[in-house]
Amino acid sequence: MHKYLPIIPFLIFATFQLFAQENYQSGYIIKNNGDTIRGEIDNKYWRKSPDQISFKQAGSTKIAYEPKDIHAFRV
């Protein structure tokens, strides 16, 4: 049991690193007014609808959208 103790901090750190990775993939958002904007969405392989998504278009900075900000999105 004690021989695995030094590995535990490494596993915790590795888990945080996995969730910190960005994985931008082609997708689009549909704004509340019906406009569709194509770009890239940071795909986190959500199991349920996320509280926030990161979206960016070519050459621009990322923008965080919440459910109240958009009608839908697709990766």
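Visitor: Why does Tyr 65 count as buried?

Guide: In this predicted model, Tyr 65 has 15% relative accessibility. Buried means under 20%, so Tyr 65 counts as buried.

Visitor: What makes Phe 55 and Tyr 65 an aromatic pair, and why is the pair called edge-to-face?

Guide: The rings are 6.1 Å centre to centre, and the limit for a pair is 6.5 Å. The angle between the planes is 65°; over 60 counts as edge-to-face.

Visitor: Which parts of the chain does that pair tie together?

Guide: Phe 55 lies in strand E3 and Tyr 65 in strand E4, so the pair joins parts 10 residues apart in sequence. Phe 55, at 2% relative accessibility, is buried as well. Both residues belong to the largest nonpolar core, together with Ile 29, Ile 37, Ile 41, Ile 53 and Ile 70. Strands E2 and E3 each supply at least two residues of this core.

Visitor: How many aromatic pairs does the structure hold?

Guide: Two. In the pair of Trp 46 and Phe 73, the ring centres are 5.5 Å apart and the planes stand at 80°, so this pair is edge-to-face. Trp 46 is in the loop between E2 and E3, and Phe 73 is in strand E5, 27 residues apart.

Visitor: Why is Trp 46 called partly exposed?

Guide: Its relative accessibility is 28%.

Visitor: Where does Lys 56 lie?

Guide: Lys 56 lies over the face of Tyr 24, at 4.3 Å from the ring centre; the distance limit is 6 Å.

Definitions and conventions. Residues numbered from 1 in each chain as written. Predicted model: local features only at pLDDT ≥ 70, side-chain atom pairs only at ≥ 80, totals over all residues. Heavy atoms only, no water. Core = buried A, V, L, I, M, F, W, Y, C linked by side-chain atoms within 4.5 Å. Buried < 20%, exposed > 50% of the residue type's maximum accessible area, 1.4 Å probe, protein only. Helix = DSSP H or I, 4+ residues; strand = E, 2+ residues; numbered from the N terminus. Phe/Tyr/Trp six-rings, centres within 6.5 Å; stacked < 30°, edge-to-face > 60°. Lys NZ or Arg CZ within 6 Å of the ring centre and 35° of its normal.
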